[in-house]
Amino acid sequence: MSGAHGMVAQLARFAGALRACGFRVGLSEEIDAAAALALVDLLDRSEVHRTLRIALRLPRDAWETFDRLFEEYWDGRRAPHHPALDQAMKRDRGPAQWRWDGQRVRLEMPEERERPEGDTPGYSPEAALRRKPFEEFTEGDLAAMERLVAQLAQRLATRRSRRLVPTAARGIVDLRRSFRRALASDGDFLRLARRGRPLDVASLVILYDSSGSMDVYTRVLLAFAFALRRVVKRVEIFAFNTTLVRVTRMIAPGKVLRSLESLSAGVPDWSGGTRIGTCLAEFLASHKDVRVDRNTTVVCVSDGLDQGDTDLLERSMRELRSRAGKIIWLNPLLGDTRYRPECAGMRAALPYVDHFAPAHNLESLQGLLRLVG
Amino acid sequence: MNEQIRSMQAAMERWGYVAEPEIATAVYLAREMRKPLLVEGEAGVGKTEIAKVLARMLSTELVRLQCYEGLDTNTALYEWNYQRQLLRLKIAERENSDPDKLEDLIFGREYLLERPLLRAITRREGPAVLLIDEIDRADEGFEAFLLELLSDFQITIPELGTIRAEHVPVVVLTSNRSREIGDALRRRCLYLYVEHPDFEKELRILRGKVPAVSEQLATAVTRFVQKLRGQQLRKLPGVAETLDWAQALVRLHRDALDAETARATLGCLLKDEQDIKATGEQKLAELLAYASSRD
């Protein structure tokens with residue numbers, strides 16, 4: 001590294017690459033990292049490594065990406081080149097195209113397709129949008145949908161608990177605590193204590209199948225998941241195919257398209273095959289900080305086309321059942337009236353599912369909100 | 001490695017904390033950069049212990065704030081000593097004194113009960129170590145309140161005015177990640193993630209904390225726990241559990257692990273009914289075989 005200036009430039013490039021991979025590394029992190037590097041031995045590789053991890057505040061799930069980028073940027077290998085970075089540059093020039101046609105597995109829905117747009121029963125463009133199959137979504141539709149979903153999801157965050165807890169100003173008077181307080185002021189009620197119902201924060205865990213057979217739906221359903229995240233505080237989103245990746249923090253809200261691109265760069269085997277059982281087991285075993293209790297609704301989005309161990313899938317579903325309040329399985333294939341859940345994976349999971357619902361258009365997702373809230 | 005980090009590591013070890021370079025670096029940076037240190041990791045990996053050791057090392061006071069849902073300023077920051085104020089008022093009634101002066105008097109520092117946060121910034125003798133434990137349990141509102149304190153180290157009390165820190169305390173926050181810490185708070189801290197220790201480290205901790213344990217037993221216990229953490233369990237045992245278990249075995253005067261004792265004392269390690277059930281006879285035998293083998 002050549003002097004302090006060279007190091008700072010290097011740090012800025014490195015932080016940019018981390019950002020391009022979807023991690024939130026801001027200016028304050030960069031400043032802290034620069035200050036921290038000034039304090040340590042720059043010739044010691046592992047010390048620089050540790051210092052950057054501490055000062056850039058990288059969570060545990062970012063370590064893998066961090067290690068990879070660290071090798072690229074700090075080990076003197078002149079290959080500071082990252083595909084996600086190039087994409088990030090390109091994106092700024094104009095709206096990106098999103099096409100999932102081609103060799104992908106696609107679902108044919110002739111009934112929906114044949115009907116001309118004007119005939120869709122409904123009273124507003126919004127109503128038409130609600131029934132439009134996701135395969136036909138355009139850029140504009142997606143933005144409209146995000147707005148719609150945000151409205152719908154508001155309900156989730158406003159459910160009140162039955163419990164009464166002490167509150168600061170609102171609520172009914174809590175006589176017992178008021179008297180207790182009055183004791184301190186010689187029997188004068190200086191301030192009344194009150195009780196009210198706290199907001200019961202529903203939490204949501206979304207396990208998302210990102211395998212090839214789900215490609216068509218990926219974007220819209222993830223947009224939905226992130227719109228939910230904006231209104232419900234406790235939403236955790238995981239993508240799975242052959243491995244499980246926690247994507248909650250990898251995605252900036254409101255930039256789903258961008259995020260999806262960085263995701264496919266950062267997640268191993270994105271759009272590959274599926275091993276649902278293995279991924280569920282991993283979720284249960286290694287993501288203990290994700291609260292799954294009776295206030296939690298687990299939403300599994302998958303077509304159930306499993307290539308893994310069906311036994312393991314069943315065992316994991318059973319355990320999930322014992323912990324979660326509700327399990328909802330969304331299957332885009334259900335939108336097709338001819339579909340029957342007959343593949344082995346789906347059959348193994350079904351006994352543990354509370355609601356088995358379609359997810360092929362917005363109307364069906366709206367149904368989901370009713371189930372969750 | 002930086003000399004100062006090395007000596008930090010050595011000092012922590014002297015005070016009974018086996019610190020990896022990662023932990024020593026984080027503590028050193030937090031001290032030098034005067035930033036709070038946010039420590040995350042699974043239960044029982046020694047997050048709280050970092051703050052305790054730091055306080056012993058700096059031979060200063062450890063001010064601890066245990067967070068819980070519904071934690072409010074009365075318990076975290078300060079409270080007026082109502083009883084004393086009232087008593088003073090009664091006395092004043094007889095004296096017939098000036099009401100303005102009286103008001104100034106009863107809203108003075110002597111009538112203020114210091115809670116941990118206020119205590120941490122008003123300590124005269126030198127910087128205290130402020131441990132804000134399990135911040136993830138407190139409400140998000142409390143987190144927002146902490147922001148002001150942690151960036152300016154000052155507290156505003158309406159009746160008294162603003163109190164500035166005499167010495168900026170060394171702040172350690174811990175979180176079990178039962179909920180994600182807000183970005184604003186995270187941004188003000190340095191971040192350390194502590195993992196379960198590897199075999200060598202755990203063995204050293206065990207031998208340091210439970211000196212009565214024989215070398216053979218310590219090795220077996222550590223190997224057993226290390227292997228156990230590789231299993232699919234709902235709650236993995238932390239270092240604290242390992243120490244408990246070793247203590248229990250020492251009390252039972254055991255020099256080696258056998259199936260019967262292990263079964264009877266498994267509750268020291270596994271705190272979940274399903275985990276205990278999942279560790280059946282066969283699995284236990286496997287673990288014990290691994291623990292007593294030498295490779």
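This is a predicted model: local features need pLDDT of at least 70, side-chain atom pairs count only at pLDDT 80 or more; totals for chains, interfaces and linings use all residues.
A residue counts as buried when its relative accessible area is under 20%. You can find B:Gln9 in helix H1 of chain B, which covers residues 3-14. What does B:Gln9 touch, once residues up to four places away in sequence are left aside? Its partners are B:Met1, B:Ala19, B:Glu20, B:Pro21 and B:Ala24.

Now step back and take in chain B as a whole. Its secondary structure comes to 15 helices and nine strands.

Let us look at the strands of chain B next. Five of them form an open sheet with parallel pairing, in the order E2-E5-E8-E1-E9. Which strands lie at the edges of this sheet? They are strand E2 (62-66) and strand E9 (190-194) of chain B, each of which pairs on one side only. Ignoring direction, neighbouring strands here are turned by 20° against each other on average. To see one pairing in detail, follow E2(B) to strand E5 of chain B, residues 129-133: the two run parallel and are joined by five bridges. Across this pairing, B:Leu65 stands opposite B:Ile132 in E5(B). As you look along a strand, remember that in a regular strand the side chains alternate between the two faces of the sheet.

Strand E6 (residues 154-157) and strand E7 (residues 161-164) of chain B run antiparallel, with four bridges between them. The bridge partner of B:Thr156 is B:Thr162 in E7(B). How many residues does the hairpin use to join E6(B) to E7(B)? The hairpin joins these strands through three residues.

Six strands of chain A make up an open sheet in the order E6-E5-E4-E7-E8-E9, and the pairing is mixed. Strand E6 (244-246) and strand E9 (355-358) of chain A are the edge strands, each pairing on one side only. From one strand to the next, the twist averages 20°. Within this sheet, strand E7 (residues 296-301) and strand E8 (residues 326-331) of chain A run parallel and are joined by five bridges. There, A:Val299 stands opposite A:Ile328 in E8(A). Helix H13 of chain A, residues 310-323, packs on the sheet and touches both E7 and E8 of chain A. The direction of helix H13 makes about 130° with that of E8(A).

Aromatic rings are our next stop. A pair of aromatic rings is described by the distance of the centres and the angle of the planes. Over all chains, the structure holds ten aromatic pairs. One of them is the edge-to-face pair of A:Phe238 and A:Phe283, at 5.1 Å centre to centre and with 75° between the planes. This pair links distant parts of the chain, 45 residues apart: A:Phe238 belongs to strand E5 (residues 235-240) of chain A, and A:Phe283 to helix H12 (residues 276-286) of chain A. Both A:Phe238 and A:Phe283 are buried. The rings of B:Phe142 and B:Phe145 have planes at 35° and centres 5.7 Å apart, so this pair is tilted. Both residues lie in helix H8 (residues 140-152) of chain B, three residues apart, which is about one turn of the helix. Back in chain A, ring pairs link A:Phe14, A:Phe66, A:Phe70 and A:Tyr73 into a cluster.

Rings can also have a charged neighbour over the face. B:Arg84 lies over the face of B:Tyr111, 4.7 Å from the ring centre. Likewise, the charged end of B:Arg223 sits over the ring of B:Tyr290, 4.4 Å from its centre.

Finally, see how the two chains meet. In chain B, 34 residues are in contact with 37 residues of chain A. The area buried between the chains is about 3300 Å², and carbon and sulfur atoms give 48% of it. Which three residues supply more of the area that chain B buries against chain A than any other three? They are B:Arg177, B:Tyr191 and B:Arg234, which supply 19% of that area.

Conventions:
Residues are numbered from 1 along each chain as its sequence is written. Chains are lettered from A and ligands numbered from 1 in the order in which they are written. Side-chain values use heavy atoms; hydrogens and water are left out. Rings of Phe, Tyr and Trp (its six-membered ring) pair if their centres lie within 6.5 Å; planes under 30 degrees apart count as stacked, over 60 as edge-to-face and the rest as tilted. Buried means under 20% relative accessible area, exposed over 50%, partly exposed in between (1.4 Å probe, protein chains only). A charge sits over a ring if NZ of Lys or CZ of Arg is within 6 Å of the ring centre and within 35 degrees of the ring normal. Two strands pair if DSSP finds at least two bridges between them. Axes are lines fitted to C-alpha atoms, for helices over the stretch in contact, and angles run from 0 to 180 degrees between N-to-C directions. Contact means heavy atoms within 4.5 Å. Buried area is the accessible area (1.4 Å probe) that two parts lose on being put together, summed over both.
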